[in-house]
Amino acid sequence: MKTILTLIFVLFIGVAAQAQNNTQEVKVVTIEKTIVKETTVKKTEVARLYKRTNAKVKKALTFTTKRNKAKLA
C-alpha cells in the first residue's frame, strides 16, 4: 500500500510540475558583421641553429656522485 501511494504521489507531483505554463518567448538580437578579406603578410625571420655540442652543459647535467655508484655485496 505504501509503494502505491508513493507512486501516485510522485506521478501527481510530476503532472503538476508539467501543468505550469511559465514559458516566455525570448527575442534574440542579431548583429551583422562584415568579413575582412585583407590579410597582412609578416616577414618571417629564420633563426640560425648551430650544431655544436655544449660539453660543459651536458657534463653539468649528467653529474654523478660517489653515492650513485652500485656497491658489491
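Analyst: Helix α1 is hardly covered: zero of its 17 residues count as buried, where buried means under 20% relative accessible area, exposed over 50% and partly exposed in between (1.4 Å probe, protein chains only). This is a predicted model, in which local features need pLDDT of at least 70, side-chain atom pairs count only at pLDDT 80 or more, and totals for chains, interfaces and linings use all residues. Residues are numbered from 1 along each chain as its sequence is written, and side-chain values use heavy atoms, with hydrogens and water left out.

Helices (H or I, at least four residues) and strands (E, at least two) are DSSP runs numbered from the N terminus; the protein has two helices and zero strands. From first C-alpha to last, α1 reaches 25 Å, close to the 24 Å expected at 1.5 Å a residue, the expected span being 1.5 Å times one less than the number of residues. I13 lies in α1, residues 2–18, and is partly exposed at 43% relative accessible area. Of the protein's 73 residues, 0% count as buried.
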